Amino acid sequence: MIYTGQLAYKEVDFTFVFDGKKLRLIPPKDKRDVVNENWLRTPLANGAYTLNIPVMEEDYLCGICNETNQKIIFLVRRGDYLPPHGNHLLGGNYVLVTDVIAYILCKYDRELIDRISFLCPEIDAIYPLKNSFTFSLGADFEEFNKTGIVSITTKDFDSTTSEPQKFIVDNRTVSVYFSVWRGINMKVGEPPLSLNSCLMFEFEPTSEYGFILRLWRIAKDFLRYLCYRRDVYLPTFKLAAPYEDGKHEEFAAFRIIGEDKESSVEDIKSGRYIKQGLIAGHEGQILTDIASGELYLRHIPESYDSGRHKDAAKFVMITAAFEWEFHRNYPDGTKKSEAARKAEGDATKQLQELVDNSHGKLKSIYKFLKRLVKSDSLQSEIEQIGKDYSDIMDIFGNYLYSLSKEELIYSEVGKRLGDQRNHFAHGDLDKDFIDLSLLDLIFLERIVYAMQLRHYNIENSKIQNAINDLFHHHFALQQT
């Protein structure tokens, strides 16, 4: 849909045309000379001019939309060029063009935002809608076939809303919870009752649209983490303003450019996601780490199908994810005997003496060796995981390795992964690929999730169920 209207920018009242991607600003006839002389060209000697492309000096522009007679807000990039449409030096039309990041369509004009709500098919699955209503077919199904009477009763708000949790974004506290939105409609061609699960963020009232956009990115990464794929889309979400008695008034829709893509329906139907019930009470901890960059997400595949294909880059990224999470969970490294720690301490002390008494390249070498003394190999780290996570991971590892008629031995898993990772990282293309390391990598993906979830003190049984669902294992586990 194309939107038109009027907006003011740098004391000029422009007519705007927005096609869903680009915003065109058309100055009035009496301001064209101002735009031409002051914005688009710089005078030189003897009546000559040079082209000057202005840059956007605002983070957002507010206008009134002709189609709705309501406020529309365009989020733009400060510093982007505003190239004119056409050659104004040769009689062009002075139309300025800029890209739009997102836009807000307002039903009511409100200055402050204190709640946003996200809806998408993945959220409907993560916070299952089936728990939000009951239905009755009368005495039995045969009676329903005769009468056609079915009764559907939605549960109350309290029982369809999760317990709010807190998380921190840029030193601001945000409340997060899941809820079920109910829509009643009498329009022809639309269902009379619609239910959607929502992910809700509440915070102190703000007018900072950049902060709202930051929360959108965090919500998207949260859903990507729960689905282990990047193709999760949140094209539209709702904004609410403070209302009397601590309530909220929905007043606008926030729309992200380029997000209007189809969700992976097959992945949702197959159940490849972590349900909210398995992380209940820990949503805030996870979101805080996502906001701060503490939770490793760079290895998440673009889609479920692409995640099934492993290449050198994915190999390195998944092993990097493991080492990142290992260092979060084991800040002092692997558990070592007192004798080993004493030996490391003695070696470090002697190397420090060599560092202090050397210069140049030799000093750098001693510093490097000193760093290596207490560093753990990938093999030793995975061996440590085998000791501490076997009660969670053995059920998955034994199954995966049995498919190849192999045995799960954590020390060998670590050695193969370490060797193959080093081949890729150092460009040793002449080395034969270690075939079993591909199976090791698949197992390592599950280990990463186990480490991340245990970091938040989630129960072992829930971690197992999360991995079972996310990676589609179909094990008959104890339900929690």
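**Reading a cavity and its surroundings**

Tutor: Happy to! In this predicted model, two helices, α2 (121-126) and α5 (265-269), each contribute at least two residues to the lining of the largest cavity.

Student: How is such a space found, and how many cavities of 30 Å³ or more does the structure hold?

Tutor: The general idea is that a probe the size of a water molecule, rolled over the atoms, shows where empty space is left. Here, the structure holds one cavity of 30 Å³ or more, and the volume of the largest cavity is about 40 Å³.

Student: Which residues line the largest cavity?

Tutor: The lining consists of Glu122, Ala125, Ile126, Cys227, Arg229, Asp267, Ile268, Arg272 and Tyr273. Helix α2 gives the largest share, three residues.

Student: What is the make-up of that lining by class?

Tutor: Five of the lining residues are nonpolar and four are charged, with no polar ones.

Student: Let me pick one of them. Where does Asp267 lie, and is Asp267 buried or exposed?

Tutor: Asp267 is part of helix α5. To judge burial, look at relative accessibility: under 20% is buried. Asp267 has 7%, so it counts as buried.

Student: What does Asp267 touch, leaving out residues up to four places away in sequence?

Tutor: With those set aside, Asp267 touches Arg229, Arg272, Tyr273 and Tyr304.

Student: Now a helix. How would I check the span of α4 (residues 209-227)?

Tutor: The expected span is 1.5 Å times one less than the number of residues. Helix α4 has 19 residues and should therefore span 27 Å; its end C-alpha atoms are 27 Å apart, which agrees.

Student: How many residues of α4 are buried, and what happens just after α4?

Tutor: Helix α4 is mostly covered, with 15 of its 19 residues buried. Just after α4, Tyr228 takes a positive phi of about 50°.

Student: Let's step back to the whole protein. How many helices and strands are there, and what share of residues is buried?

Tutor: The protein has 14 helices and 18 strands, and 44% of its 480 residues are buried.

Technical notes: Residues are numbered from 1 along each chain as its sequence is written. This is a predicted model: local features need pLDDT of at least 70, side-chain atom pairs count only at pLDDT 80 or more; totals for chains, interfaces and linings use all residues. Side-chain values use heavy atoms; hydrogens and water are left out. Helices (H or I, at least four residues) and strands (E, at least two) are DSSP runs, numbered from the N terminus. Buried means under 20% relative accessible area, exposed over 50%, partly exposed in between (1.4 Å probe, protein chains only). On a 1 Å grid over the protein atoms alone, a cavity is a set of points where a 1.4 Å probe fits but cannot get out, and a pocket is an open set with protein on both sides within 12 Å along at least five of seven lines; lining residues have an atom within 4 Å of a point. Grid points are joined across faces, edges and corners, and a volume is the space filled by probe spheres set on the points. Ala, Val, Leu, Ile, Met, Phe, Trp, Tyr, Cys and Pro count as nonpolar, Asp, Glu, Lys and Arg as charged, and the others, Gly among them, as polar. Contact means heavy atoms within 4.5 Å.
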